[in-house]
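Reader: I have not looked at this one before. Can you take me through it?

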Amino acid sequence: MPTDLVIGVDVGGTKMLAGLVARDGGIGRMVEVRTPTADQAALLAALDALVEGLLAEGAEAIGVGVPMNLDRRTGVGLGAVNLPLRSLDLAGHLRDRFGVPVGVENDGNAIALAEWRVGAGRGATDLIALALGTGVGGGVVIDGRLYRGWAELGHVVVAADGPPCQGNCHGHGHLEAVASGEAAERAAVALWGEGADAHRLVEEARGGDEAGCAALGRIGHYLGVAIGSFANVFAPDLVVVGGGFGTAAWELLRGPADEAARAEALRPADDGLRIVEAALGDDAGLVGAGLVGFETLDGMR
Ligand SMILES: [Zn+2]
């Protein structure tokens, strides 16, 4: 009898989270480690160890969400902005190592899948998901199907000739450069000096600090500018915002984001635009990875 459990792995810029995931998105035992950033070999060794510890508990497949753009024909990861990963056939590596079906998806797409199937976007036909973490990831559901393209929603331009993007991205003024957790940290350091981080920025703004509120207001504004642009392309029923930073700062980001999005979105989309907080919070990546594992198990990929 099938156990109907898979392993989901959410490879993030700062931490890797693995856990047993059920078909309904329920999460069993979870393990977490800091993401090794020295090189690809160190990261793979840590990932193998995470999976090995869970596989003994009866999981039938592995699904991984990874912040890489993937070659859709081969499944090979081409490159990552915030991690030392290049030309990596992660599915092949894990299949060879553990002998079970493996599915790999871009992490933003995995988050969109999770929020759409079991989170805030249930029932939507067209949905945009944005995850504000170390970087900014995103995914798109169009006509009731997850769009399997790059969907690098964090690398759209929201400030032409703006600040350089982060990590290995050579662009400028991208959403990720101005609205990620790292961007929030840069804003905090600019206000309070080395050692200040995104967590402090959120705390100070919650406490009413004017400069902190203004900095988060700018981040929310850029988020809304991007959402307005996405609305003009996809006319989504719903835009879901999550990720570690996005969730922590949501109450401070939502007002400026909503205002900017409505200012940019074409009528009548500006009236109907719904921007909501992710329901799965920081677990969305893990749940989405698990759902990718089930799709692989079921032969849907
Ligand atoms: Zn970029």
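This is a predicted model: local features need pLDDT of at least 70, side-chain atom pairs count only at pLDDT 80 or more; totals for chains, interfaces and linings use all residues.

Reader: How many helices and strands are in the protein chain?

Author: The protein chain has 11 helices and 13 strands. These are DSSP runs numbered from the N terminus, with at least four residues for helices (H or I) and at least two for strands (E).

Reader: What is the radius of gyration of the protein chain?

Author: The value is 19 Å, which agrees with the figure near 19 Å for a compact globule of 301 residues. The radius is taken over C-alpha atoms, and the globule rule is 2.2 Å times the number of residues to the power 0.38. Along the principal axes, the C-alpha atoms fill a box of roughly 55 × 45 × 35 Å.

Reader: What share of the residues is buried?

Author: Buried residues are 53% of the 301. Buried means under 20% relative accessible area, exposed over 50%, and partly exposed in between, with a 1.4 Å probe and protein chains only.

Reader: On to the metal. Which residues are the protein donors of the zinc ion?

Author: His155 (ND1), Cys165 (SG), Cys169 (SG) and His174 (ND1), lying 2.0 to 2.3 Å from the zinc ion. Donors are N, O and S atoms within 2.8 Å of the metal (3.2 Å for Na, K and Ca), and sites may look incomplete since water is not among the atoms. In sequence the donor residues follow the spacing H-x9-C-x3-C-x4-H.

Reader: Where are His155 and His174?

Author: Both are in the loop between strand E11 (145-146) and helix H4 (175-179), so the pair ties together parts that are 19 residues apart in sequence. His155 and His174 are both buried.

Reader: And why is the arrangement tetrahedral?

Author: Because the four donor atoms subtend angles of 101 to 114° around the zinc ion. For four donors, tetrahedral requires all angles to lie between 85 and 135 degrees.

Reader: Different topic. What is the volume of the second largest pocket?

Author: About 270 Å³. A pocket is an open set of points on a 1 Å grid over the protein atoms alone, where a 1.4 Å probe fits, with protein on both sides within 12 Å along at least five of seven lines; lining residues have an atom within 4 Å of a point. The second largest pocket is lined by 15 residues, and the closest to its centre are Arg72, Thr74, Gly75, Val104 and Arg301.

Reader: Which element gives the largest share of that lining?

Author: Strand E8 (102-106), with four residues. Helix H2 (90-98) also supplies at least two.

Reader: Is Asp161 buried or exposed?

Author: Exposed, with a relative accessible area of 79%.

Terms used
Residues are numbered from 1 along each chain as its sequence is written. Side-chain values use heavy atoms; hydrogens and water are left out. Four donors count as tetrahedral if all angles lie between 85 and 135 degrees; four count as square planar and six as octahedral if opposite donors are over 155 degrees apart and all others between 65 and 115; anything else is irregular. Grid points are joined across faces, edges and corners, and a volume is the space filled by probe spheres set on the points.
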